Each structure stands twice: as C-alpha cells, then as structure tokens.
Amino acid sequence: MVQITGPLSGEAKSTVAECLQGALVDLIDLSLVAKQMHWNIVGPNFRSIHLQLDELVSLAREHADTVAERAAALGINPDGRSSTLAKSTKLAQPESGWIEDGKVIATITDILDGVGRRMRERIEQTEEPDPVTQDVLIAIAQDIDKERWMFQAQR
C-alpha cells in the first residue's frame, strides 16, 4: 500500500490534522444545512435567499475540497463520511418542514457565526505548526465572514 507522507510530524501534524478535520466537518455540514434550507424556505424573500443559499453551498463545497486536499497533501486522511459528520458536527440543524425566510436568515447567520469563530481558533492553532494551512483557513474565514455579513444584513 502506498503511504502518503508530508512535511509535518509529531505534535505539529496532530494539531494541523485536528484543525483541518474540524474545518472539513464544518464546511461539509454547512453545505448540507444550507441546501436543506434552500429546499424548504418559504416567505416573501424566498427567491433571493433561495439563490443566496445555493451560493453558500457552492462556497462551502469548494472550501471543503481545498481543506480535504490540504490534509491529504500533508499525509492526513480527511474524513467526510456521513457517520463522521453526524457524530462530530457542531452546527445547529434546521427544523424539518417549511422554514420561514426570516428564520432561515437568523439560523444561517448564527451558524456562520459559529463556523467563523471556530475557523479563527484554528487559525491561531496553526500559526506555528503550519503557516500554509493557516493561510487556507484565513481564506475560508474571510469568505465565512462575508457570507455572515450578507445574511445578517437582511435581518
């Protein structure tokens, strides 16, 4: 079997692995939660938020792929399985059924706030062991902050 190795080892590799895995779970679940709301939103602002949610899904999926590939490049196995997501997600899950547009905005804003906060923690944790991974996380945090602002402005 081929063994993928990277430039990190020991504690540095463990820290970076934990940060990348947490970011991967956040981003995959963000894409799923946003898509669930995309399908179930109702209300006078349906169309614009429906489209905005699709943009968020695309952004989350793109960043999830970048995070997973960064992990793989470092010799860390990314784990995006549904069972892993179910047991480790920190994202609030949307209610079932139709969701009023105002509730979608409030819920997504809160979710993005949590994701952004965790990304900042990961940015701090990866500063020393791997500045390259830190740069990846900074780019994600920048986009998450922008999305949070754009949803929050509709409250």
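Colleague: At what angle do the axes of helix α2 (residues 46-73) and α4 cross?

Modeller: They cross at roughly 25°, and the axes come within 10 Å. Keep in mind that this model is predicted.

Colleague: Why are α2 and α4 called roughly parallel?

Modeller: Angles under 35 degrees count as roughly parallel. The α2 and α4 axes cross at roughly 25°. Therefore α2 and α4 are roughly parallel to each other. Their crossing is left-handed.

Colleague: Which residues make the contact of α2 with α4?

Modeller: From α2 come F46, I49, L53 and L56. From α4 come D101, V104, I105, I108 and L112. By class, eight are nonpolar, none polar and one charged. Asp counts as charged, and D101 is in the contact.

Colleague: Now α1 and helix α5 (residues 131-152). What makes α1 roughly parallel to α5?

Modeller: The packing angle is about 25°, with the axes 11 Å apart. The cut-off is under 35 degrees, so α1 is roughly parallel to α5. α1 passes α5 in a left-handed crossing. V16, L20, A23, L27 and L30 of α1 meet T133, L137, I140 and I144 of α5. Eight of these contact residues are nonpolar, one is polar and none is charged.

Colleague: And α1 against α4: how do you know that they are roughly antiparallel?

Modeller: α1 and α4 pack at about 170°, with axes 10 Å apart. Angles over 145 count as roughly antiparallel. Therefore α1 and α4 are roughly antiparallel to each other. This crossing is left-handed as well.

Colleague: Which residues does α1 bring to the contact with α4?

Modeller: Among them are V16, C19, A23, L27 and L30. The α4 side includes V104, I108, I111, L112 and V115. Overall, the contact of α1 with α4 has 14 nonpolar, five polar and three charged residues.

Colleague: On to the largest pocket. How much space lies in it?

Modeller: About 240 Å³. The lining has 13 residues, and E18, Q21, G22, K90 and R122 lie nearest the pocket's centre.

Colleague: Which elements give two or more residues to that lining?

Modeller: α1 (10-40), α3 (82-88) and α4 (101-126) do. The largest share, six residues, comes from α1. G22 of α1 and R122 of α4 also belong to the contact of those two helices.

Colleague: What makes up the lining of the largest pocket by class?

Modeller: Two residues are nonpolar, five polar and six charged. Glu, Lys and Arg count as charged, so E18, K90 and R122 fall in that class. Gly counts as polar, which puts G22 there.

Methods
Residues are numbered from 1 along each chain as its sequence is written. This is a predicted model: local features need pLDDT of at least 70, side-chain atom pairs count only at pLDDT 80 or more; totals for chains, interfaces and linings use all residues. Side-chain values use heavy atoms; hydrogens and water are left out. On a 1 Å grid over the protein atoms alone, a cavity is a set of points where a 1.4 Å probe fits but cannot get out, and a pocket is an open set with protein on both sides within 12 Å along at least five of seven lines; lining residues have an atom within 4 Å of a point. Grid points are joined across faces, edges and corners, and a volume is the space filled by probe spheres set on the points. Helices (H or I, at least four residues) and strands (E, at least two) are DSSP runs, numbered from the N terminus. Axes are lines fitted to C-alpha atoms, for helices over the stretch in contact, and angles run from 0 to 180 degrees between N-to-C directions. Angles under 35 degrees count as roughly parallel, over 145 as roughly antiparallel, 65 to 115 as roughly perpendicular and the rest as oblique. A crossing is left-handed if the near helix is turned anticlockwise from the far one by less than a right angle, and right-handed if clockwise. Contact means heavy atoms within 4.5 Å.
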